[in-house]
Amino acid sequence: MATNWTQQKIFMISFSVKDIKNEFDPGSYARGISYYNQGRVTKLKLLKQAADYLDLYGEVTGSFRYAQEITVYKNAFDVDVEGECSCPVGFNCKHVVAVLLEYIAFSRQHSTQYQESKSLKLIAKQPHYASP
């Protein structure tokens, strides 16, 4: 499903798939990878950002469409993820993993432009990204 971002500046905090893996139980992590690979993330929006954290909003379609509000805290040593979800699990579930993987894919896709400009203005339609 292709959706679009609204125009906004994005200053990307960098974290890795390994960082995500360390924050989740093995089952949630594995199912989140599966959901990401199946293209189930239908919305991703950067809500707020600073040098050491970012807030994301996402929507993932599973049995139903679930909404996620995620804060990623980054320091010199690791990351901490606090991901709330409207699914029955409610916190740091497979849907949160899928949204974080989508964010990583997006940031990698745009890393060259980011390094050159330190910000991006996204206007064009991008697959899997949208405003809520």
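Reader: In what order do the elements of the chain run from the N terminus on?

Author: Start with the model itself, which is a predicted one. From the N terminus on, the order is β-β-α-α-β-β-β-β-α-α-β-β. The secondary structure comes to four helices and eight strands.

Reader: How much of the chain is made up of buried residues?

Author: The chain has 132 residues, and buried ones make up 46% of them.

Reader: How do I read an aromatic pair, and how many does a search of the whole structure find?

Author: Look at the ring centres and at the angle of the planes. The search finds three aromatic pairs. Take phenylalanine 15 and tyrosine 103: their ring centres are 5.4 Å apart and their planes stand at 10 degrees, so this pair is stacked.

Reader: Which parts of the chain does that pair link?

Author: Distant ones. Phenylalanine 15 sits in the loop between strand 2 (9-10) and helix 1 (17-23). Tyrosine 103 sits in helix 3 (residues 94-109).

Reader: How do the rings of tyrosine 53 and tyrosine 73 lie?

Author: Their centres are 6.3 Å apart and their planes are at 35 degrees, so the pair is tilted. This pair also links distant parts of the chain. Tyrosine 53 is in strand 4 (residues 53-61), and tyrosine 73 is in strand 5 (residues 65-74). The separation is 20 residues. With a relative accessible area of 36%, tyrosine 73 is partly exposed.

Reader: Now salt bridges. How many does the count come to?

Author: Check the distance between side-chain nitrogen and carboxyl oxygen; within 4 Å is the rule. The count comes to one salt bridge. Glutamate 59 forms this bridge with arginine 65, and their closest N and O atoms are 3.7 Å apart.

Reader: One more feature. How far apart are valine 17 and isoleucine 104, in sequence and in space?

Author: Read both separations together. In sequence, valine 17 and isoleucine 104 are 87 residues apart; in space, they are 7.6 Å apart, C-alpha to C-alpha. Valine 17 is in helix 1. At 28% relative accessibility, valine 17 counts as partly exposed.

Reader: And how far apart are glycine 27 and cysteine 93?

Author: Glycine 27 and cysteine 93 are 66 residues apart in sequence, with 9.1 Å from C-alpha to C-alpha. Find glycine 27 in helix 2 (residues 26-37). Glycine 27 counts as partly exposed, at 24% relative accessibility.

Methods. Residues are numbered from 1 along each chain as its sequence is written. This is a predicted model: local features need pLDDT of at least 70, side-chain atom pairs count only at pLDDT 80 or more; totals for chains, interfaces and linings use all residues. Side-chain values use heavy atoms; hydrogens and water are left out. Rings of Phe, Tyr and Trp (its six-membered ring) pair if their centres lie within 6.5 Å; planes under 30 degrees apart count as stacked, over 60 as edge-to-face and the rest as tilted. Helices (H or I, at least four residues) and strands (E, at least two) are DSSP runs, numbered from the N terminus. Buried means under 20% relative accessible area, exposed over 50%, partly exposed in between (1.4 Å probe, protein chains only).
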